Amino acid sequence: MSIVPRRRFIALGGAGLGAAALSAYTFTHAAEHPDLQARLGVPVGPANGSPTPEPTPTPPPLRPRARELITLLKDTPWAADGVEIHSGRPGPRIMVLGGVHGNEPGGWLAAEAIADWQVERGSLLVLPRANGRAVAVMERTLPEFGDLNRMYPGNTNGLPMARMAAAIVEAGRAFQPELLFDLHESWVFYAERGSAGGTAFIGQTLSIGGGATEATVDRMAHVVRSVNAAISPREEFYMRGAVTPRPGVQVVPSNTPPPGTTPSPTITPPPNGVTFGGTSSLSLGQWIRGCVPILIEMGQQNQADSRRAALHQMLVRTTLDQSGML
Ligand SMILES: [Zn+2]
């Protein structure tokens, strides 16, 4: 249970991503987050009907130690390359998405680095540039593509990113990850949101999606505690989602009241601890059985892209480390 030394992280300096490009970031993350969806009147729930009941899946067979290149939506203009990294030994399976939004480079730079990692137990599936065309132009998405993080479980006949959502669900069902990291960026740090804030500004937060057990919340709280102990106070992460407070980890209330009002002293957990995040990746537990999605939002304001990518990697690597995969 060691904290990963920073020197083990891949340096990402000099990426040449200018401030002008970063300023193209838009504050439209609201619907990724179920509490905001409710507040903003965005429909919450699956867009394409109820999930098909599935029998309990059998674990995929143990794969030999190898790096297997994969391509989602092969032979289309929006094809996305990824890699399955198999240790050859039993262990956890974890999936990582980057580049769901093209103007959030900390996330896709991190995922590209993670795609070069090796694991000693279990398997890792990394899709660094889920919306590669958007990454190429540093835009959230292309208008004709749709927003991938609004489209789960996807539609094989829909917009390009609806097709990608369906391909990600299909890949997840085959890979059967117990955790899926979706690496995003916000603008303002949650702790610095001030009077202009509220939950719209959620940099440096880690959200746990629907279906997480208390044990998984404890597991991620341990990751957050370990990472927070190794970074500066400004960089520290908060937890969001269906999370009751954990010692040593600050939790974003599920319905943060407007500044100046009295906050609710308690957080009411959803029935059975199960809630789903509509059509964002936080809903993926509905479609990929046994998978708990983890959505990380890194603050872009006054934080270099290289550092943001390093912090994303730190959260994922610490999870792998504490899961015995390294
Ligand atoms: Zn995003």
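Visitor: In what order do the strands of the open sheet come?
Guide: In this predicted model, eight strands make up an open sheet, and their order is β1-β2-β4-β3-β5-β8-β6-β7. The pairing in this sheet is mixed.

Visitor: Which strands stand at the edges?
Guide: The edge strands are β1, residues 66–72, and β7, residues 238–241. Each has a single partner strand, so one side of each is left without a neighbour in the sheet.

Visitor: And what does the twist average?
Guide: From one strand to the next, the twist averages 20°.

Visitor: How many helices and strands does the protein chain have?
Guide: The secondary structure of the protein chain comprises eight helices and eight strands.

Visitor: Is Ala 66 buried or exposed, or partly exposed?
Guide: Ala 66 counts as partly exposed, with a relative accessibility of 26%.

Visitor: What is Ala 66 in contact with, neighbours within four places in sequence aside?
Guide: With those neighbours set aside, Ala 66 is in contact with Glu 84, Ile 85 and His 86. The C-alpha atoms of Ala 66 and Ile 85 are separated by 6.1 Å, although these residues are 19 residues apart along the chain.

Visitor: What about β2 and β4, in which sense do they pair?
Guide: Strand β2, residues 80–86, and strand β4, residues 123–127, pair in the antiparallel sense over four bridges. His 86 has Ser 123 as its bridge partner in β4. As for burial, six of the seven residues of β2 are buried, so β2 is largely enclosed by the rest of the structure.

Visitor: And β3 with β4, parallel or antiparallel?
Guide: Strands β3 and β4 run parallel, with five bridges joining them. Here Arg 93 has Ser 123 as its bridge partner in β4. Strand β3 is largely enclosed by the rest of the structure, because four of its five residues are buried.

Visitor: Now the helices. Which strands does α3 lie across?
Guide: Helix α3, residues 105–114, lies across β2, β3, β4 and β5, and its direction is at about 140° to β5. Nine of the ten residues of α3 are buried, so this helix is largely enclosed by the rest of the structure. Among the buried residues of α3 are Trp 108, Leu 109 and Ile 114.

Visitor: What does α8 lie across?
Guide: Helix α8, residues 305–322, lies across β3, β4, β5, β6 and β8, running at about 160° to β5.

Visitor: Where do His 101 and His 184 sit?
Guide: His 101 is in the loop between β3 and α3, whereas His 184 is in strand β5. The two are 83 residues apart, and the pair links distant parts of the chain.

Visitor: Buried or exposed, His 101 and His 184?
Guide: His 101 is buried, with a relative accessible area of 2%. His 184 also counts as buried, at 0% relative accessibility.

Visitor: Changing topic, which residues touch the most other members of the largest nonpolar core?
Guide: They are Leu 124, Phe 181 and Ile 208, in a core of 45 residues. Leaving aside neighbours within four places in sequence, Phe 181 has contacts that include Ile 94, Leu 97, Met 220, Ile 296 and Val 316. Another core lies apart from this one and has 30 residues, among them Ala 80, Phe 145, Met 151 and Phe 175.

Visitor: And how much of the protein chain is buried?
Guide: Of its 326 residues, 54% count as buried. Among contacts in the protein chain with a separation of 6 or more, 75% are between residues 24 or more positions apart.

Conventions
Residues are numbered from 1 along each chain as its sequence is written. This is a predicted model: local features need pLDDT of at least 70, side-chain atom pairs count only at pLDDT 80 or more; totals for chains, interfaces and linings use all residues. Side-chain values use heavy atoms; hydrogens and water are left out. Two strands pair if DSSP finds at least two bridges between them. Axes are lines fitted to C-alpha atoms, for helices over the stretch in contact, and angles run from 0 to 180 degrees between N-to-C directions. Contact means heavy atoms within 4.5 Å. Buried means under 20% relative accessible area, exposed over 50%, partly exposed in between (1.4 Å probe, protein chains only). A nonpolar core is a set of buried Ala, Val, Leu, Ile, Met, Phe, Trp, Tyr and Cys residues joined through side-chain atoms within 4.5 Å.
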